[in-house]
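Colleague: I have some questions about how the terms are applied here. Can we take them one by one?

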Amino acid sequence: MTSPPNTLISTRDLQVGFAIRKGPFSKGLLKAVDGISIDIPKGAFLGVVGESGSGKTTLGRALLQAVPVTGGSATYDDGEVRYDLGQLKGAALKEYRSRAQLIFQDPYAALSPRMTVRDIIAEPLEVMGLTKSRAETDARVREVAATCRLNLEHLRRFPHAFSGGQRQRISIARALVCGPRFVIADEAVAALDVSIQADILNLLKQLQRDLGITFLFISHDLSVVAHTCDHVAVMYLGRIVESAPTRALFRAPRHPYTRALFSAIPSLDPDDRGRAQVLSGEIPSPTNQPSGCTFHPRCPFATERCKREAPQAEKGADGHMVSCHHWRELAAAPDAIRQAEPAE
Ligand SMILES: Nc1ncnc2c1ncn2[C@@H]1O[C@H](COP(=O)(O)OP(=O)(O)OP(=O)(O)O)[C@@H](O)[C@H]1O
């Protein structure tokens, strides 16, 4: 399968498994990412959503080569260089790390309290050896600080002097300083007050627009994703079960899991209250995946076929992808499916 032109990151059947101990004498394999095939276009702002444990962070870490890829493939191609992720070592891995960066969730924990803001931002440049003199490093630090709307006076201070929003700007400046083409923001606004979140999200969107940076935006917060991302992928038990342009996905979600996630978004409309379709049970353990469609034990529309047969991904010309045997029937008459052969 070839990738469309203009693709920055491409994965085919990507898998990340962790060897785990199941008991005193037995070992098992936890499939945190279980066969993901996705193309991320250059300049995209792709949201990844799903319950805790669905594999979002592991997918991001695999794309940064921070965890070993155990199957399938992933490539990075920005037009200048092409890398097979999972295979990178030594100088190539170091070089890739300047092109792909992570913004951490917790701006309080991510910044060393003993370093000045200037040194925190400069450190990746120095580790990568990308500048030749202190003056050149300082110039680059000032440039990214200005891009992130940090006051240049603040560069001499220590992180404890700053609020959560300002600390996240420092983290973002540090992530940007080597000029990455690909940035993973893993719950990057989750630890911030709602009033500050919008400010940081606007900054990320500005970086996408002005610098053409491609973002993978991992979030629990569906309203944030709806307002920020161009395209959204929904993960369940290590797989992408649905992905689509944001507007299409929120207007007409096709997978029963996506519908359940969306119906749980709090509404300001009093008439909508109590309409949430509650997801029954918890996400199963990835060490013990259900047969057939892995969502079937929790799906109110599951049939015998869902228990037996894993659905294939179907992708329309509109870019809307879904993996569900019954999405067409559901879209036409959801209640009729509800009455058919419920799974035990
Ligand atoms: N290093 C590891 N060793 C063993 N299991 C791991 C490891 N990292 C993640 N897992 C497991 O992989 C699965 C996916 O975890 P992951 O953190 O990727 O999910 P997530 O969707 O990002 O969850 P959250 O939203 O809570 O961060 C979970 O079952 C988790 O316990």
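Modeller: Start with the domains. The C-alpha centres of domain 1 and domain 2 lie 29 Å apart. Bear in mind that this is a predicted model.

Colleague: What makes these two domains, and where are the bounds?

Modeller: The domain assignment of the protein gives 7–251 as domain 1 and 253–344 as domain 2.

Colleague: How do you know that residues of domain 1 are in contact with domain 2, and how many are?

Modeller: Contact requires C-beta atoms within 7 Å. By that test, 24 residues of domain 1 are in contact with 21 residues of domain 2. On the domain 1 side, strand 10 (239–245) is one of the elements that supply at least two residues each. Strand 10 gives the largest share, five residues.

Colleague: What is the make-up of that side of domain 1, by residue class?

Modeller: It divides into 14 nonpolar, six polar and four charged residues.

Colleague: Now the sheet. What makes strand 7 and strand 8 a pair?

Modeller: A pair needs at least two bridges. Strand 7 (residues 182–186) and strand 8 (residues 214–218) have five, and they run parallel.

Colleague: Which strands does the open sheet contain, and in what order?

Modeller: Eight strands, ordered 6-7-8-3-9-10-12-11, with mixed pairing.

Colleague: Why are strand 6 and strand 11 said to stand at the edges?

Modeller: Strand 6 (100–103) and strand 11 (314–315) each have a single partner strand, so one side of each lacks a neighbour in the sheet.

Note on methods
Residues are numbered from 1 along each chain as its sequence is written. This is a predicted model: local features need pLDDT of at least 70, side-chain atom pairs count only at pLDDT 80 or more; totals for chains, interfaces and linings use all residues. Helices (H or I, at least four residues) and strands (E, at least two) are DSSP runs, numbered from the N terminus. Domain bounds come from an automatic or database domain assignment. Two residues are in contact if their C-beta atoms, placed from the backbone, lie within 7 Å. Ala, Val, Leu, Ile, Met, Phe, Trp, Tyr, Cys and Pro count as nonpolar, Asp, Glu, Lys and Arg as charged, and the others, Gly among them, as polar.
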